[in-house]
Amino acid sequence: MKVSIIVPIYNVENYLAKCLDSLVNQSLQDIEILAVNDGSTDGSEQIIQEYAEKFPQKIKAFTKENGGLSDARNFGIEKASGEYLGFVDSDDYVKEAMFEEMLQLAEKHDAKIVICNIQKVDQNGNITQKLTQLPDMPEKIILEDYFSVFSDLSYFACNKLFKKELFEHKRFKKGAHFEDIQLIPQLLLECSTIAQTQNFHYQYLERTDSITKTHTERGLDILKAVKDVELVFEKSGYSHKRKELKNFQIFEGVYSFLAYLAYVKNETDFYKMADDLTVFMKERGIKNQDILKYSRFGKNYLLSLPLKKKIFYLLFFAGQKKLIRKLI
């Protein structure tokens, strides 16, 4: 088996059929689809069984107690027999040629990770946003020459194809939020070459019925994820790439964290998280000037942000936390 596609499933009865349709109709025939029911309480299990009966050569169905996204993915990794692994969220879907093209690139360039672009779509299939992952980069990326990828890349698991051997001693961190930020950079550090396609194969569904996320102190998992990556970075073959490490700390540890903090309503949580970020920056010698000058894909990141976000970040860097609270 060439490719195993792991689909964690939890209460997505309204979207699951479209997801599975996009997988069973892949142009790549040498695949298995591991449908992992993570303790769903709606009609998801019935849909899984219907597809498993209709496509017995492609779909392997599993049911387990609810353990969260990381646990379901890890369960799938243990059961997968493919040489390569892909992860698709069960309310999203993919284009027909996604895994065929990504496998071809993996084999052509001997790449352990292959990346495709993402586009956000609404429930009518209309494109709402295109997310280009690595603009102005070659198809084959030798990391020693283009290590800016480490700090520029968006660390989603779902738009990538991985050589299974990368997971030999690594798994998604169970019970943690932002598990992709914690694990995927560690996998990248195991690679010498990665590859990419500029095709927008992955379709990320913006659901209208999703419950608004509650932003809480769990957002501190972002900083914990960055710290876990730092430990692996120091032992990697790229430990001399200090500029890229600092840029990773700024993008994932500061900007991503502040984007989350902007929606934290509880005042006690807000101030605690803000203080923890200040400590995080101080421990790493990250100064406001470093953050204001930070560039991504050759462009100043702060200047590229919407006005509201820009104001929020500038107020935080200026130490105006009380004023920020009035704006939230």
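# Notebook: strands, helices and their contacts

I began with strand β11 (residues 193-196), where T193 and A195 point one way, I194 and Q196 point the other way, and all are buried. I keep in mind that this is a predicted model. The general rule I had in view is that in a regular strand the side chains alternate between the two faces of the sheet.

I then looked up the partners of β11. Strand β6 (residues 113-115) is joined to β11 by three bridges and the two run parallel, with I194 in β11 as the bridge partner of I113. Three bridges also join β9 to β11, but here the strands run antiparallel, and the bridge partner of K140 is A195 in β11.

Next I traced the sheet as a whole. In what order do the eight strands of the open sheet lie? I read the order as β3-β2-β1-β4-β10-β6-β11-β9, and the pairing is mixed. The edge strands are β3 (59-64) and β9 (140-142), each of which pairs on one side only. From one strand to the next, the twist averages 20°.

I went on to β2, which pairs with β1 in the parallel sense over seven bridges, and noted that I6 stands opposite L34 in β2. On β2 I found I31, I33, A35 and N37 pointing one way and E32, L34, V36 and D38 the other way, all of them buried. Because eight of the eight residues of β2 are buried, I wrote this strand down as largely enclosed by the rest of the structure.

Helix α2 (residues 44-54) lies across β1 (3-9), β2 (31-38) and β3, and runs at about 155° to β3. In helix α3 (residues 69-79), I listed S70, D71, A72, R73, N74, G76 and I77 as buried, and the buried residues of α3 pack against β1, β2, β3, β4 and α6.

I followed the sheet to strand β4 (residues 84-87), which three bridges join to strand β10 (residues 160-163), the two running antiparallel. The bridge partner of L85 is F162 in β10. Is Y84, which has 4% relative accessibility, buried or exposed? I count Y84 as buried, because 4% is under the 20% cut-off. Y84 has its place in strand β4, and leaving out residues up to four places away in sequence, I found that Y84 touches K2, V3, S4, L103, A106, E107, A111, L161, F162, K163 and K164. I also noted that the C-alpha atoms of Y84 and M1 are separated by 8.7 Å, although the two residues are 83 apart along the chain.

The residues I found buried in α4 are M98, F99, M102, L103, L105, A106 and H109. They cover an arc of only 160° around the axis, so they are on the same side of α4. D110 follows α4, and its phi is positive, near 50°.

I then checked Q186, which is found in helix α6 (residues 179-188). Q186 counts as buried, because its relative accessibility is 6%. Setting aside its neighbours within four places in sequence, Q186 is in contact with K170, D228, V229 and V232.

There is also an open sheet of four strands, with mixed pairing and the order β5-β12-β7-β8. Its edge strands are β5 (93-94) and β8 (127-131), each pairing on one side only. Two bridges join β5 to strand β12 (residues 202-205), and the two run antiparallel; the bridge partner of V94 is Y202 in β12.

My last entry concerns a pair of helices. Two packed helices are described by the angle between their axes and the distance between the axes. The axes of helix α8 (residues 242-261) and helix α11 (residues 307-317) come within 11 Å and cross at roughly 110°, and α8 and α11 are therefore roughly perpendicular to each other. At this crossing, I found that V254, Y255, L258, A259 and L261 in α8 meet F312, Y313, F316 and F317 in α11.

Notes
Residues are numbered from 1 along each chain as its sequence is written. This is a predicted model: local features need pLDDT of at least 70, side-chain atom pairs count only at pLDDT 80 or more; totals for chains, interfaces and linings use all residues. Side-chain values use heavy atoms; hydrogens and water are left out. Two strands pair if DSSP finds at least two bridges between them. Axes are lines fitted to C-alpha atoms, for helices over the stretch in contact, and angles run from 0 to 180 degrees between N-to-C directions. Contact means heavy atoms within 4.5 Å. Buried means under 20% relative accessible area, exposed over 50%, partly exposed in between (1.4 Å probe, protein chains only). The arc is that of the directions from the helix axis to the C-beta atoms. Angles under 35 degrees count as roughly parallel, over 145 as roughly antiparallel, 65 to 115 as roughly perpendicular and the rest as oblique.
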